[in-house]
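Reader: I have a sequence and its model on my screen, and I would like to understand how the labels attached to it are reached. Could we go through them one at a time?

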Amino acid sequence: MPWYWILIILSAIFGPFEAMHALNKARRNREEAEKRKAMNGLQDQSTVTQADQEENKEVFR
């Protein structure tokens, strides 16, 4: 059996597992990026709220 047939067989066996691993890794990275984006949005909202509160304190003094 020529050596390239061994490579073809190994690729057919391990290829789908490697593809699934890459897909899961990409999905996990996307979910983490969405979480970071959501957390940044919450921090921005709290910053705006704090600025509004400080502005309101000055108005009511």
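Reader: Which residues form one aromatic cluster?

Author: In this predicted model, Trp3, Tyr4 and Trp5 come together as one aromatic cluster, and the count of aromatic pairs is two.

Reader: Why is the pair of Trp3 and Tyr4 called edge-to-face?

Author: The ring centres of Trp3 and Tyr4 are 6.1 Å apart, and centres have to lie within 6.5 Å for rings to pair. Their planes stand at 85 degrees, so the pair is edge-to-face, given that this label applies to planes over 60 degrees apart.

Reader: What makes the pair of Tyr4 and Trp5 tilted?

Author: For Tyr4 and Trp5 the distance is 6.0 Å centre to centre, with 35 degrees between the planes; stacked needs under 30 degrees and edge-to-face over 60, so the remaining label is tilted.

Reader: How do you know whether Trp3, on the one hand, is buried or exposed?

Author: Trp3 has a relative accessible area of 63%, and because exposed means over 50%, Trp3 is called exposed. Tyr4, at 42% relative accessibility, counts as partly exposed, and Trp5, with a relative accessible area of 42%, is likewise partly exposed.

Reader: Which nonpolar surface patch includes these residues?

Author: Trp3, Tyr4 and Trp5 belong to a nonpolar surface patch of about 1400 Å², whose other members include Met1, Ile6, Leu7, Phe14 and Phe17. Phe14 is placed in helix H1, which covers residues 3-60, and the protein has one helix and zero strands. Buried residues make up 0% of its 61 residues.

Notes
Residues numbered from 1 in each chain as written. Predicted model: local features only at pLDDT ≥ 70, side-chain atom pairs only at ≥ 80, totals over all residues. Heavy atoms only, no water. Patch = residues over 30% accessible without salt bridge, like charges linked within 9 Å, V, L, I, M, F, W, Y side chains within 5 Å. Areas by Shrake-Rupley, 256 points an atom, 1.4 Å probe, with all protein chains shown as cover. Salt bridge = Lys/Arg side-chain N within 4 Å of Asp/Glu carboxyl O. Helix = DSSP H or I, 4+ residues; strand = E, 2+ residues; numbered from the N terminus. Buried < 20%, exposed > 50% of the residue type's maximum accessible area, 1.4 Å probe, protein only.
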